Each structure stands twice: as structure tokens, then as C-alpha cells.
Amino acid sequence: MDETEFWEIVDRTREAADGDPEEQADLLVERLLQLDPDSVLDFARHFEARYNRAYRWDLWGAAAVLLDGAGDDTFDYFRCWLIGQGREVFEGALHDPDALADLLGDFDEEVDGDGEELGYAADEAYEQLTGVVAPDLGIPPQAEEPEGTALDFEDDTALAARFPRLWERFGTG
């Protein structure tokens, strides 16, 4: 599976789910069950590589503004959700996290920003197809610390200065 096919599957499931991340995860499992186990593992590698790539302080800060705070688990689920938004939003956010203010349409904090189930979809599909737990994907693990310069998520002034467009649209300060 190449990168284009990966993003096509993500896009089709998001569109079919009308943006609901839990529904998207269910549809993603259904779609992956149509593939052979090796293709499911390829999908998982693409997903995991992007998940690791998004482990950045600036993106974590953007998540903190969007979600009115973001602990470890919240940021993990946010990164899954961000991948689920598709290539344009994901790459745009990595290029400039503040651009999420423009890249995101409607944003419901109760539903959006949490794609935990998306992170398990490939594992679930693989296990249903094979009856065994997915093997190690053979890709480098996530870094111990996020990339970039740490941010103080409690400092509203710093967050507003770093993410002016996000702060204007989503900030609570």
C-alpha cells in the first residue's frame, strides 16, 4: 500500500462517517477487512509513522488551545484524530499548527479532537482477519520527548502569542 492509497482510505471513511471519529473508526475496520493481512499491516505502518511524526511540542500546544488543555492521553488521541482528518489537514497542521484555525471547519470539542478508536482500527482488522495480534510493525518507535521547543500549556499569553489564529477562534483566555 502506498501513501496515496492510505490517504484515500482515510478520506473515504471520514467522508462516509460525516466527520464522526468513532463512526470513522468502525468504517475503517470494515474497509481494512476487505484487504489482505499484509496490506492491513502496511496501513498500520503508514498510520503509526504519521502518528510518530506528529509528536511535536508545537502541535501539542495547538491541541491544548483547541481542546482547552491536553494531557498525554488527550494528545495521543488528538494525533489519531488529526490523521483521520486527511492529508491536507494533517500536513497543513505539521507545516503550521496555527493553520488549524483555517483548516478546520466546524469543530465540536465534544466529538472532534479525539480519534482514539482510529488508532486501534488496523490492529482490530488484522486480528479479525488472522485470529492473532498484529506483529511489531518494524518502524522506529516514537521519540521519548516531543520534537521542538517545549511550551507551557498553562500560559495563556504564550499560547495566544504562539497560535494567534487558533487562540482567536478557540482560545478560552
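Mentor: Before the pocket itself, a word on the term: a pocket here is an open set of grid points where a 1.4 Å probe fits, with protein on both sides within 12 Å along at least five of seven lines. Keep in mind as well that this is a predicted model.

Trainee: Got it. What volume does the largest pocket have?
Mentor: The largest pocket has a volume of about 290 Å³.

Trainee: And which residues are closest to its centre?
Mentor: Of the 16 lining residues, the closest to the centre are F47, E48, G119, Y120 and D123.

Trainee: Which elements give two or more residues to that lining?
Mentor: Helix 3 (37-53), helix 5 (72-84) and helix 8 (121-130) do. Helix 3 gives the most, with 5 residues.

Trainee: How does the lining divide into nonpolar, polar and charged?
Mentor: There are 11 nonpolar residues, 1 polar and 4 charged.

Trainee: Let's switch to the core. Which residues touch the most other members of the largest nonpolar core?
Mentor: That core has 53 residues, and the ones touching the most other members are F43, L66, F78, L82, L100 and L166. Helix 4 (residues 57-66) gives the most to this core, with 8 residues.

Trainee: I'd like to look at F43. Where is it found?
Mentor: F43 is found in helix 3, the helix that also gives the most to the pocket lining.

Trainee: Is F43 buried or exposed?
Mentor: F43 has a relative accessible area of 1%, so it counts as buried. The cut-off for buried is under 20%. As a general point, nonpolar side chains tend to be buried together in soluble globular proteins.

Trainee: What does F43 touch, beyond residues up to four places away in sequence?
Mentor: F43 touches M1, F6, I9, V10, L28, L32 and A122. Take L32 from that list: L32 and F43 are 11 residues apart along the chain, and their C-alpha atoms are separated by 8.4 Å.

Trainee: New topic, charges. How many salt bridges does the structure hold?
Mentor: The structure holds 12 salt bridges. One of them joins the side chains of E8 and R12, at 3.8 Å from N to O. Both residues lie in helix 1 (residues 3-16), 4 residues apart, about one turn of the helix.

Trainee: What about D76, which residue does it form a salt bridge with?
Mentor: D76 pairs with R79, and their closest N and O atoms are 2.6 Å apart. These two are 3 residues apart in helix 5, so about one helical turn separates them. R79 is at 0% relative accessibility, so R79 counts as buried.

Trainee: And D58 with R56, how far apart are the closest N and O atoms there?
Mentor: They are 2.7 Å apart, and both D58 and R56 are buried.

Trainee: Which residues are linked in a network of salt bridges?
Mentor: D96, D98, D102 and R165 are.

Trainee: Last one, E127. Where does it lie, and what is it in contact with, leaving aside neighbours within four places in sequence?
Mentor: E127 lies in helix 8 and, with those neighbours left aside, is in contact with V132 and V133. E127 is partly exposed, with a relative accessible area of 41%. The C-alpha atoms of E127 and L103 are separated by 34 Å, although the two are 24 residues apart along the chain.

Methods
Residues numbered from 1 in each chain as written. Predicted model: local features only at pLDDT ≥ 70, side-chain atom pairs only at ≥ 80, totals over all residues. Heavy atoms only, no water. Core = buried A, V, L, I, M, F, W, Y, C linked by side-chain atoms within 4.5 Å. Buried < 20%, exposed > 50% of the residue type's maximum accessible area, 1.4 Å probe, protein only. Contact = heavy atoms within 4.5 Å. 1 Å grid on protein atoms, 1.4 Å probe; cavity = no way out; pocket = protein on both sides within 12 Å on 5 of 7 lines; lining within 4 Å. Points joined across faces, edges and corners; volume = space filled by probe spheres on them. Nonpolar A, V, L, I, M, F, W, Y, C, P; charged D, E, K, R; others polar. Salt bridge = Lys/Arg side-chain N within 4 Å of Asp/Glu carboxyl O.
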